[in-house]
Amino acid sequence: MTTNHEPYGWYVPAGSAAAGPYALDIDPRRAGWSHSSLRVLELPPGGTHALNAGDSEWIVLPLTGGCTVNTQGKLFELRGRASVFSGVTDFAYVPRDAHAQIASGAGGRFALAGAKCERRLPARYGPAPEVPVELRGAGSCSRQVNNFGAAGVFACDRLIAVEVLTPGGNWSSYPPHKHDEHRPGVESELEEIYYFEIDGDGLGYHRVSPSRPGGTDVLAEVRTGDTVLIPDGWHGPSIASPGRDMYYLNVMAGPGESREWLISDHPDHGWIRETWPGLAVDPRLPLYEAASAEPDADPERAAAKPGAAVGAGTAPAAEEDSR
């Protein structure tokens, strides 16, 4: 079941929200909410793109390929990756009210995760080796989380963003959880975007069920390039079909004064957590780990690339949820 919402619907099939150079272009106006944005930029070999940040902060995250990001007098060279299933990537932060030039010699696809914000933070580089790679759940609920833009990991004003990899046959975003109410210390109010890619041109499934009368109700078959918007509701599970690993990029932001990721489990399903201590993590995980840091041969370029001062390995306890 899909509950439609103008102009797209909460389930956004690949290509249905394309605009200009963007294979996907979701902003607050199009989504019908106030903060969260996601664009997927496709550049041909030698291609360039001018990004006007406007009233939002942005993270430029390579999905395939590498690029340079020139903003605020700094040039960040993103090595990127072959695909979202091949490794952790580096990334760049572009502050609000800034202009950025994104260029790619070999071409590629780049996610631009954004959030309407108030503070203007400095432009920065996020090194791949400093991205905390976390394993969550156990057994058939095992998944990998790349916490590149989690609260407490990389400084943003409003934006929270992570990547999740689910081995074929497993469930993630489980137990179903929500973050659609402001309850200090218990739950954050966050709009969320799920952008999917499935290895080998496979498929998966994603569920959002209402947490209130008339709330969001989606059961979607998802393939590479599909997106689900979550303004409210219990979201999960995300189900990877056997033999086909699932990737999704989560982009979140909301009106709360604190940048927090606090969730409530569905009362009918939260008990599943109690079974995990007796189960092993899926031995297929991690699908990959963050690469070791390598010395930068260009001292001037290295000096222009300050990163998040967080070591790889474990996300802060405050970030623990069912994703």
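**Exercise 1. Which residue in E23 is the bridge partner of Glu 163?**

Step 1. E13 and E23 run antiparallel and are joined by seven bridges.
Step 2. Within E23, Leu 249 is the bridge partner of Glu 163.
Step 3. Both strands belong to an open sheet of seven strands with antiparallel pairing, in the order E1-E21-E18-E23-E13-E12-E11.
Step 4. At the edges of this sheet lie strand E1 (11–12) and strand E11 (133–136), each of which pairs on one side only.

**Exercise 2. State how confident the prediction is, and locate stretches where the pLDDT falls below 50.**

Solution. 
Step 1. The average pLDDT of the protein chain is 89, and 88% of the residues reach at least 70.
Step 2. Residues 1–7 have a pLDDT below 50; this stretch has 15 contacts in the model beyond near neighbours in sequence.
Step 3. Residues 297–320 also stay under 50, and the model gives them 50 contacts beyond four places in sequence.

**Exercise 3. Classify the ring pair of Tyr 93 and Phe 154, and describe its surroundings.**

Solution. A pair of aromatic rings is described by the distance of the centres and the angle of the planes.
Step 1. The whole structure holds nine aromatic pairs.
Step 2. For Tyr 93 and Phe 154, the ring centres are 6.1 Å apart and the planes meet at 55 degrees, so this pair is tilted.
Step 3. Tyr 93 belongs to strand E7 (residues 91–94), whereas Phe 154 is in the loop between strand E12 (143–149) and strand E13 (160–166); the pair therefore ties together parts that are 61 residues apart in sequence.
Step 4. Buried means under 20% relative accessible area. Tyr 93, at 0%, is therefore buried, and Phe 154, at 1%, also counts as buried.
Step 5. Tyr 93 and Phe 154 form one aromatic cluster with Phe 91 and Phe 148.
Step 6. The ring of Tyr 93 also has a charge over it: the charged end of Arg 124 sits 4.5 Å from the ring centre. In another such arrangement, the charged end of Lys 178 sits over the ring of Trp 234, 5.7 Å from its centre.

**Exercise 4. Which residues touch the most other members of the largest nonpolar core?**

Solution. 
Step 1. This core has 61 residues, and those that touch the most other members are Leu 38, Ile 59, Tyr 247 and Leu 249.
Step 2. E23 supplies the largest share of the core, seven residues.
Step 3. Beyond four places in sequence, the residues touched by Ile 59 include Phe 91, Tyr 93, Phe 148 and Phe 154, which form the aromatic cluster of Exercise 3.
Step 4. A second, separate core has 20 residues, among them Val 69, Leu 78, Leu 112 and Tyr 125.

**Exercise 5. Describe the places of Val 94 and Ile 272.**

Solution. 
Step 1. Val 94 is in strand E7 and is buried, with a relative accessible area of 0%.
Step 2. Leaving out residues up to four places away in sequence, Val 94 touches Ala 53, Glu 57, Trp 58, Val 60, Val 69, Thr 71 and Ala 100.
Step 3. The C-alpha atoms of Val 94 and Leu 121 are 8.5 Å apart, although 27 residues separate them in sequence.
Step 4. Ile 272 is found in the loop between strand E24 (264–265) and helix H2 (299–303). With 13% relative accessibility, Ile 272 counts as buried.
Step 5. Apart from neighbours within four places in sequence, Ile 272 is in contact with Tyr 174 and Pro 175. Tyr 174 is 98 residues from Ile 272 along the chain, and their C-alpha atoms are separated by 8.5 Å.

**Exercise 6. Is strand E2 mostly covered or mostly uncovered, and which strand pairs with E2?**

Solution. 
Step 1. Strand E2 (residues 22–26) is mostly covered, as four of its five residues are buried.
Step 2. E2 pairs with strand E3 (residues 36–43) in the antiparallel sense, over four bridges.
Step 3. In this pairing, Asp 25 stands opposite Arg 39 in E3.

Methods. Residues are numbered from 1 along each chain as its sequence is written. This is a predicted model: local features need pLDDT of at least 70, side-chain atom pairs count only at pLDDT 80 or more; totals for chains, interfaces and linings use all residues. Side-chain values use heavy atoms; hydrogens and water are left out. pLDDT is the predictor's confidence in each residue, from 0 to 100. Contact means heavy atoms within 4.5 Å. Rings of Phe, Tyr and Trp (its six-membered ring) pair if their centres lie within 6.5 Å; planes under 30 degrees apart count as stacked, over 60 as edge-to-face and the rest as tilted. Helices (H or I, at least four residues) and strands (E, at least two) are DSSP runs, numbered from the N terminus. Buried means under 20% relative accessible area, exposed over 50%, partly exposed in between (1.4 Å probe, protein chains only). A charge sits over a ring if NZ of Lys or CZ of Arg is within 6 Å of the ring centre and within 35 degrees of the ring normal. Two strands pair if DSSP finds at least two bridges between them. A nonpolar core is a set of buried Ala, Val, Leu, Ile, Met, Phe, Trp, Tyr and Cys residues joined through side-chain atoms within 4.5 Å.
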